[in-house]
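Subject: A structure for you to look through

Hello,

Here is the structure I promised to pass on. Please open it next to this email and follow along as you read.

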Amino acid sequence: MQKRSYGKHFVIVAVIVLVTAIITVVGLSRVRWMAAPASAQARSVDSLLGIELVAIGFLFALVMVFMLYSLVAFRQRKGEEEDGDHFEGNTKLEITWTVIPLITVLVLAVLGARGLTEATAARADEMTVEVTAFSWGFKFAYPEQGIEASPIMYLPVDQHILLDMNSVDTDVIHDFWVPEFRVKQDLVPGVPTKLRITPNKIGKYTVLCDELCGTGHTNMQAPIEVVSASDFDAWVAAQQPSTDPAEMASLGAELAASQGCAACHNITGDPGGIGPTWKGLFGHEVELSDGSTVTADDAYIAESIANPTAKIVAGYQPIMPASYGQVLTEQQISYLVAYIKSLQ
Ligand SMILES: [Cu+2]
């Protein structure tokens, strides 16, 4: 049996591979994988993803076109009875398909390491923001601005930010991720971690927890706003502690909404909730599960929030989350007390 020549097939396949690869890469690059980038660190991540999409498109075309072409071109035709050609290895081909992927993977590794170094590099005049994760949310503190706790992350645009990250949980890992910033970092119990971002686009984003961490995982989000430097200064000024009762009550109302208190407490006076209603609570006698009574004053309400199991209200289960004492500052608890006080 005489060997056939395959040269013509290789030329045809090479052309189809090229065309398919171009179509695939163009198609893939038109998919909106993620929202538009909004940080300086996004650049290296996105350029690496771009290179990988080209590699993926080419490999896809190579495998698919060779396979489908062979299925069609070398199928058994009517009346064809003889055996196909027999191949006994091909050293040149084997070296080629080992060396090219090896070089490709090494190049990607170098590019990845360079991108990682660039995205994590310390820079001059960084502003520190402390991030604390808890089940299930994030809170932020600004040590340089004297802001102890904020449920929202405010950032001045084009400012290098160093995130100092901690978790109050002891048994679960969370992960800080803002898709538009591209970079992300785990928050591990007992191990402080760091993340660097330089937001470069004014706008509203969302911090997501990107580590499946429990029943509240999907709600583990926090708003983040990137604003101009002057808007940031105005926000910092507005964060200074308030002593005006009406203002404290309205800050407390915002906190009650952002901390999920409303899931269990109502302000309508309806006694049927998971937790007692807040309407008319202040100044009234509360019956406790041990049979005693206590007057609901500032101290009792503050204690009920920071340490819910200290006194259990008669007729209710002790299911209020115990973490508020760690999550909320004394200032914030005083706002919540002022709010509950205002619900007469
Ligand atoms: Cu989480």
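Before we get to the sheets, one term: two strands count as paired if DSSP finds at least two bridges between them. Please also keep in mind that this is a predicted model.

**The sheet with β1**

With that term in hand, look for an open sheet of five strands in the order β3-β2-β1-β5-β8, where the pairing is mixed. Its edge strands are β3, residues 147-150, and β8, residues 193-197, and each of these pairs on one side only. From one strand to the next, the twist averages 25°.

Strand β2 covers residues 137-142 and pairs with β3 in the antiparallel sense, over two bridges. Within this region, Y142 stands opposite I147 in β3.

**The sheet with β4**

There is also an open sheet of five strands with the order β4-β10-β9-β6-β7, again with mixed pairing. Which strands form its edges? They are β4 (153-156) and β7 (184-187), each pairing on one side only. Neighbouring strands of this sheet are turned by 25° against each other on average, if direction is ignored.

P156 stands opposite V227 in β10. Helix α4, made of residues 229-238, packs on this sheet and touches β4 and β10. The direction of α4 makes about 140° with that of β4.

Now for the helices. Two packed helices are described by the angle between their axes and the distance between the axes.

Start with helix α1 (residues 7-30) and helix α2 (residues 42-73), which pack at an angle of about 140° with their axes 8 Å apart. Angles over 145 degrees would count as roughly antiparallel, so α1 is oblique to α2. The crossing of α1 past α2 is right-handed.

Helix α2 also meets helix α3 (residues 91-120): their axes come within 9 Å and cross at roughly 165°. That angle is over the cut-off of 145 degrees, and therefore α2 and α3 are roughly antiparallel to each other. This time the crossing is left-handed. If you want to see the contact itself, S44, V45, L48, I51 and A55 in α2 meet T104, L111, G112, G115, E118 and A119 in α3.

Is A73 buried or exposed? It is exposed, because 12 other C-beta atoms lie within 10 Å and a residue counts as exposed at 12 or fewer. A73 and H9 are 64 residues apart along the chain, and their C-alpha atoms are separated by 8.6 Å.

**Helix α5**

Helix α5 (residues 245-258) has 14 residues, so at 1.5 Å a residue it should span 20 Å. The expected span uses one less than the number of residues. The end C-alpha atoms of α5 are 20 Å apart, which agrees.

In α5, the residues M248, L251, G252 and A253 are buried. What covers the buried residues of α5 includes α8 (330-341). Just after α5, G260 takes a positive phi of about 80°.

Enjoy exploring, and write back with any questions!

Best wishes

How values were computed: Residues numbered from 1 in each chain as written. Predicted model: local features only at pLDDT ≥ 70, side-chain atom pairs only at ≥ 80, totals over all residues. Helix = DSSP H or I, 4+ residues; strand = E, 2+ residues; numbered from the N terminus. Axes fitted to C-alpha atoms, helices over the stretch in contact; angles between N-to-C directions. Contact = placed C-beta atoms within 7 Å. Buried ≥ 20, exposed ≤ 12 C-beta atoms within 10 Å, placed from the backbone. Parallel < 35°, antiparallel > 145°, perpendicular 65-115°, else oblique. Left-handed = near helix turned anticlockwise from the far one by under 90°.
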